[in-house]
Amino acid sequence: MSAHRRIVLIAVVGALVISMSGPLVRLSGVSPATSAFWRLAYAVPPLLLLAWLERRRLGPLPAKGRYLSWAAGFVFALDLLFWHTAIEYVGAGLATVLGNLQVFLVAFAAWAIFRERPSSRLMIGTPVVFTGVVLISGLFDSAAYGADPGLGVVFGLATSVAYAAYLLLMKAAGPHAMTPLAHTAAVATLSVAVLGPLFGGADFTPDWPAHGWLLALALGPQVVGWALITWALPRQPAALTALLLLIQPMTTVALSALLLDERPSPWQLAGCVVIIIGVLYGSRGSSPPPPGPPQPAEALGTSSRRI
């Protein structure tokens with residue numbers, strides 16, 4: 001197997017693991033701030049261990065990487081709070097689809113930051129994707145699923161903005177994988193604790209079985225899933241990683257229907273299909289990355305790769 005295919009496979013496995021995030025949040029039955037806090041708090045110890053092992057092999061994370069990781073941690077806290085709130089309003093499946101509109105935001109931001117120029121396909125796909133967003137919002141659909149699908153779309157779009165910023169900051173943090181992730185998780189835990197009251201407050205003593213679902217959320221998607229994705233992120237174009245992460249919403253919609261009995265309306269399902277088609281079309285044409293990890297200068301934006 002070539003180095004490029006191995007990197008793509010690792011990113012795909014990571015995306016499949018994090019696709020369980022939404023259903024696990026719903027199964028825990030706790031508030032958005034509570035689920036966001038505990039998925040991070042439980043994840044910090046194993047991530048610190050992985051970071052220590054990585055430090056012995058690669059050396060310490062440069063100062064610029066630490067600062068970018070701390071910024072990513074604050075942004076990731078917002079991402080989780082917005083997304084977990086969107087799950088309450090529009091369900092795990094649809095909220096995950098909306099949260100993954102980051103693929104377009106990453107592509108356009110990568111154009112400005114990393115000189116990864118978006119293709120004309122992306123320009124054509126953008127209005128298609130936002131047509132799907134309108135369908136999911138239930139604006140013209142009396143049978144739309146969710147407690148408040150319109151508000152769910154607002155929080156879902158906010159999630160996409162924060163998610164895109166997180167991916168770009170982590171890409172720029174350099175070729176380390178576990179160390180930036182550990183810094184990010186620690187800062188995000190503190191940020192959620194501070195910002196939690198704005199999102200209904202966090203319960204620091206949830207009962208079982210909620211704790212069990214939150215522990216599974218932390219060790220599965222937060223540690224294993226994001227460790228795989230973070231390792232692959234600096235080793236391929238940012239837009240290609242964002243495209244591969246589309247596996248997550250497609251899988252989450254299926255799991256939410258199977259495990260949570262979520263039943264989006266036909267128009268909302270059509271919106272999911274429109275979004276996925278638009279993103280797949282708009283993101284085609286990414287050139288494969290060079291084999292092996294990039295040099296630090298590439299990770300910080302001097303790459304000349306095109307998409």
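**View 1. Helix H13 and its packing partners.** The buried residues of helix H13 pack against helix H1 (3-18), helix H2 (21-28), helix H6 (92-99) and helix H9. This is a predicted model, in which local features need pLDDT of at least 70 and side-chain atom pairs count only at pLDDT 80 or more, while totals for chains, interfaces and linings use all residues. Residues are numbered from 1 along each chain as its sequence is written, and side-chain values use heavy atoms, with hydrogens and water left out. Helices (H or I, at least four residues) and strands (E, at least two) are DSSP runs, numbered from the N terminus. Buried means under 20% relative accessible area, exposed over 50% and partly exposed in between (1.4 Å probe, protein chains only). In H13 the buried residues are Gln-248, Pro-249, Thr-252, Leu-255 and Ser-256. They lie on the same side of H13, because they cover an arc of only 130 degrees around the axis, taken from the directions from the helix axis to the C-beta atoms. Just after H13, Asp-261 has a positive phi of about 60 degrees.

**View 2. The largest nonpolar core.** A nonpolar core is a set of buried Ala, Val, Leu, Ile, Met, Phe, Trp, Tyr and Cys residues joined through side-chain atoms within 4.5 Å. The largest one has 70 residues, of which Ile-136, Tyr-166 and Trp-226 touch the most other members. Helix H5 (residues 63-90) gives this core its largest share, twelve residues. Leaving aside residues up to four places away in sequence, the residues touched by Ile-136 (heavy atoms within 4.5 Å) include Leu-94, Val-97, Pro-149, Gln-268 and Ile-275.

**View 3. Phe-155 and two aromatic partners.** Rings of Phe, Tyr and Trp (its six-membered ring) pair if their centres lie within 6.5 Å; planes under 30 degrees apart count as stacked, over 60 as edge-to-face and the rest as tilted. The structure holds eleven such pairs. Phe-82 and Phe-155 form a tilted pair, because their ring centres are 6.3 Å apart and their planes stand at 45 degrees. Phe-82 lies in helix H5 and Phe-155 in helix H9 (residues 149-172), so this pair ties together parts 73 residues apart in sequence. Both Phe-82 and Phe-155 are buried. Tyr-89 and Phe-155 are stacked, at 5.9 Å centre to centre and 20 degrees between the planes. Tyr-89, in helix H5, is 66 residues from Phe-155 in helix H9. Tyr-89 counts as partly exposed, because its relative accessibility is 25%.

**View 4. An aromatic cluster.** Phe-37, Trp-38, Tyr-42 and Phe-204 form one aromatic cluster.
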